[in-house]
Amino acid sequence: MPEPIIEIRDLCVDYVTDEGPVRAIDRLNLVVERGEVLGIAGESGSGKTTLAKALLRILPPPAVITGGEVLFKGRDILSMDDEELRRMRWREISMVFQSAMDALNPVISVVGQITDTLLAHDECSAEEARARAGKLLDLVGIPRERLDSFAHQLSGGMRQRVGIAIALAMRPSVVILDEPTTALDVIVEREILERIRELQREFGFAVIFITHDLARMLQVSDRVAIFYAARLAEVGPAAELRRAPRHPYTEGLLQAFPSVHPGARTPRSIPGQPASLLNPPSGCRFHPRCARAIEICPKEEPGPTEIGPGHVAACHLAK
Amino acid sequence: MRYILKRLGFYLLAAWVAVTLNFFLPRLMPGDPATALFARFRGMLAPEAMDALRETFGLTEAPLLIQYFTYLGHVFKGDLGISVAYFPAPVLQVIGNGLVWTVFLAGTAVVISFVVGTLLGVTAAWWRFGKVDTFVPPTAALIGAFPYFWLAMVALYVFGFKLGWFPLGHAYGDYVTPGFNFEFIADVARHAVLPVGTVVIATLGGWLLTMRNTMVSVLGRDYVNLARAKGLPPRQVALRYAARNALLPSVTGFGMALGFVLGGSLLTEIVFSYPGQGYLLVQAVRSQDYPLMQGIFLVITLAVLGANFIVDLVSLWLDPRIRESVS
């Protein structure tokens, strides 16, 4: 029986702009289970990174969490005070940032950026912290001589490995990977994803894997959640989503990727532009681009419909 | 190490160029100091005295190139000639007296201004849109926009003349004996409040705005977000991650400011009759004291070069990327 580690209930995040608030995450309900890999996919601006930062409460202004709750092991992260929050961060939930280039401080050595984390959470001596930092580099396959290197002395892949080593420093129960391999070439990407998978099996942490590369995500994830225009379109087991998607948007995304199998269909893109969050379409936000839209779609927002165990789609046709 | 030597070499070359310009520039001007001094005595000197004076000031009929090498040799030995205005004191001694006060006055002002301005900038950026950020930067920018001498005179009039809280001028009063005793030091400090205070207030805004703006953009970087997400204490995120990176452009500016300290405190010293380098320079110009002018220019140039060299070293220490690119 899967056991939830994070329960997101009716989470809303707004960006305060001159033209009024723009809702970047709209009443999101999502569960992360202990030890699973949950993939989150969607177009740019669909709220993926915003969600990641909201979970750690590091959303930069003008983004504001305007409602809902995020229960971590039953405790609401959104109502924690500063000190509680500080202790929860990294010890329980850590994150690997999108850009390998910008995530490391350019003027602090690799070891400095690992040990400050260790020292902020644990009482240990400097030598002890250094030894632990060395072990963390071993985990991600970086030679220990690199401890005293600076970010600019490392390749993109190495930087991202250091990012992963930092993320694992406190043995968290959830690791968020925010497009961790976007800036890397496919070979390095593959190596890194495999390493993460191995580490995940070894340590048993849950992974929230954010990407716009649906094909890659379906390979790596146990379950997948698809976002469209700040809302959850569909969530379900990866195999099921690949085989039988129930939301036309998921279907469209699957068809947009080329297949390596001989004689396969040619990729087809989804017509139209991503929905504007400033002035979102009425009813189902996907209806202007949906080939199968029916009369009700522009009028009424589809609620979540349970299709099978753990498989939910927000589509009028799924009923 | 090789980088440091290379920089040092560059600065030596620059110093040589400066010394050379310093030699030729006054010689392109009409008139000479001996004539000026001669004129001062309104015909009370015999023509033979004129020749003696010319000799004292090193004005010979020798070819320019020979003069130039003689000059270089003298500069190297620290012999900058004899002052006309403070005749017969040697220039080096005159400058030395002024230099101490200028270094004290402007040095204190620049350091206080830099430290306070930068810290306020960090505060304003960290609590963006907070109280400090709302009121302090616009106020500092407004004050900084007034002409400095006007600010200085208003301060002198209000706090020195009307309220009488602070003395009107000079570095210390006639009633204390210079030396390492409490009364002297307290008196020097009392005399320094207005000149230092006005410089700090006038220049604070520049440091504040530079630091605030750099800091705001650094705070948006992922490595600061990561530091926050890692659960580091806020102080560490603000200082070790954000401020240290934001400080790099300010450090360069600080070095420049330190260099200009020696020449830049001219207005302060005139308004507050402070016996520093700037005050001397004005005296030198008034009495066509070429050796003194040359000497002061030389000291200013060397100070700017020296300060830049120090900034190079500090940047090297602060930013590993520079260390990398030079080794």
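In this predicted model, helix α6 (residues 131-145) of chain B and helix α8 (residues 182-219) of chain B have axes that come within 7 Å and cross at roughly 135°. Angles over 145 degrees would count as roughly antiparallel, and 65 to 115 as roughly perpendicular; α6(B) and α8(B) are therefore oblique to each other. The crossing in which α6(B) passes α8(B) is left-handed. On the α6(B) side, the residues that meet α8(B) are V136(B), P137(B), A140(B), A141(B), I143(B) and G144(B). Their counterparts in α8(B) are I201(B), A202(B), L204(B), G205(B), G206(B), L208(B), L209(B) and R212(B). An α-helix has 3.6 residues a turn, so residues three or four places apart point the same way.

The C-alpha atoms of chain A fill a box of roughly 70 × 50 × 45 Å along the principal axes. For 319 residues, a compact globule would have a radius of gyration near 20 Å, and the 20 Å of chain A agrees with this. Of the 319 residues in chain A, 42% are buried. Taking the contacts in chain A between residues at least 6 apart in sequence, 63% join residues at least 24 apart.

Within chain A, helix α5 (residues 156-168) has 13 residues. At 1.5 Å a residue α5(A) should span 18 Å, and its end C-alpha atoms are 19 Å apart, which agrees. A residue counts as buried here if 20 or more other C-beta atoms lie within 10 Å of its own. The buried residues of α5(A) are G157(A), M158(A), R159(A), Q160(A), R161(A), V162(A), G163(A), I164(A), A165(A), I166(A), A167(A) and L168(A). They pack against two strands of chain A, β6 (93-96) and β7 (174-178), and against the helices α3 (110-121), α4 (126-139) and α6 (186-203) of chain A.

One of these neighbours, α3(A), also takes part in the contact between the chains. There, 24 residues of chain A are in contact with 21 residues of chain B. On the side of chain A that touches chain B, α2 (82-88) and α3 of chain A each supply at least two residues. α3(A) gives the most to that side, with four residues.

How values were computed: Residues numbered from 1 in each chain as written. Chains lettered and ligands numbered in written order. Predicted model: local features only at pLDDT ≥ 70, side-chain atom pairs only at ≥ 80, totals over all residues. Expected span 1.5 Å × (residues − 1). Buried ≥ 20, exposed ≤ 12 C-beta atoms within 10 Å, placed from the backbone. Contact = placed C-beta atoms within 7 Å. Rg over C-alpha atoms; globule rule 2.2 N^0.38 Å. Axes fitted to C-alpha atoms, helices over the stretch in contact; angles between N-to-C directions. Parallel < 35°, antiparallel > 145°, perpendicular 65-115°, else oblique. Left-handed = near helix turned anticlockwise from the far one by under 90°.
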